[in-house]
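Me: I am new to this structure and would like to learn how to read its features one at a time. Could you take me through them slowly, giving the general idea before each case?

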Amino acid sequence: MGRRRAAVIETLHDVATTIQTEETVTDVCERTVAAAADLLDFNLCTIVIREDDWLVPYATSADASSDGSQRMRVDEGLAGKTYQTGESYTVAEVTPDDETVPADASYRSGISVPIGEHGVFQAVETTTGGFDDDDIELAELLVSHTATALDRLDRERELQRQNERLDQFASVVSHDLRNPLNVATGRLELVAEECSSPHLDAVADAYGRMERLIDDLLLFAKMGSETLSLTTIDLGGLADDCWDPLATSAATLTVECDRDVRADPDRLRQLLENLLKNALDHGGDDVSVTIGELADGFYVADDGPGIPPDDRGDVFAGGYTSDADGTGFGLSIVSQIADAHEWDVEITESASGGARFEIRGVDIVEP
């Protein structure tokens, strides 16, 4: 058993890597039972996965009969006990009055191993005493990788559901909110032609803020639902391009950054635009902004009023704003873009007492 155990553990890493690449629950389960048969000599094995109140067969080893596994309730038989307790069991001999509920009368011994919160792996033999503690340990090692793969698929499914909800949200915002706003804006223009009132300017300002809010909400949804397309980008050149349409005549941008980075160009542009616009909104028309290098990234600093330390943990939350005309989504979009790239964003104080946003973990392209 010692040599067999060493050989199994040695090859288990490659098998685990293969299991992790599977794209469906069925494929993960089939890959697992195939590995159990090939590596552990479990020629009669199966995996049942929980669906609502049932444990449903998803994969059976090649040597097992097609009816060698059966659908059962989550509280039924040894599989149910294994699932509910989260513990592994060895059955040295199947008897008529035990809890095993074998699918075939020829099964005389077996093991039952939980697969996290997903289901149960079981192997059987047609002879008594077919399994020992080493078999349980090796089976647990194998299905731990199965559980990891199934966890990943669960996360991907949840992410897909979230993206679908974001798409639905974007559709509602784009159509159901923007259309009546356009009608109201048009009516306001007609009223302004017929009469003069100081209240009309306030209404126009409110409509303008609603337009900006809709635009930011749509962008927020887009940032969360689209995948990255990475390419090499001249960071300083992109910063200059972002600054030109935003800056006032008195504001200045100093770029102390001569490097290329790997990033999604559209998202990096949006991140820089939002940080530069934040500096202009809060630092005034004559604000000075600097973009400089960090060992593993870059920073955007200004000489404005800065962000109080107590508020720095809140500014990335969606809807947070200290500006009556702001939408509160600008910096939350910055955080979302950084998260998508697996970057870290930290707010500190600049040398002049303003705000300094440090973006770290960036993939720097060496010249």
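Me: How should I read a sheet, and in what order do the strands of the open sheet with E7, E9 and E14 lie?

Reply: In general, strands of a sheet pair through backbone hydrogen bonds, either parallel or antiparallel. In this predicted model, where local features need pLDDT of at least 70, side-chain atom pairs count only at pLDDT 80 or more, and totals for chains, interfaces and linings use all residues, three strands form an open sheet in the order E7-E9-E14 with antiparallel pairing. Residues are numbered from 1 along each chain as its sequence is written, and side-chain values use heavy atoms, leaving out hydrogens and water. Strands (E, at least two residues) and helices (H or I, at least four) are DSSP runs numbered from the N terminus, and two strands pair if DSSP finds at least two bridges between them.

Me: How many bridges pair strand E12 with strand E13?

Reply: Strand E12 (residues 344–349) and strand E13 (residues 355–360) pair over six bridges in the antiparallel sense, and Ile347 stands opposite Phe357 in E13. Their hairpin has five residues between the strands, and in it Gly353 takes a positive phi near 95°.

Me: How do I read a pair of aromatic rings?

Reply: Such a pair is described by the distance of the centres and the angle of the planes. Rings of Phe, Tyr and Trp (its six-membered ring) pair if their centres lie within 6.5 Å, and planes under 30 degrees apart count as stacked, over 60 as edge-to-face and the rest as tilted. By this rule the count comes to two aromatic pairs. The rings of Phe42 and Phe121 have centres 6.3 Å apart and planes at 35°, so this pair is tilted. The pair links distant parts of the chain, 79 residues apart, with Phe42 in the loop between helix H2 (25–40) and E1, and Phe121 in strand E6.
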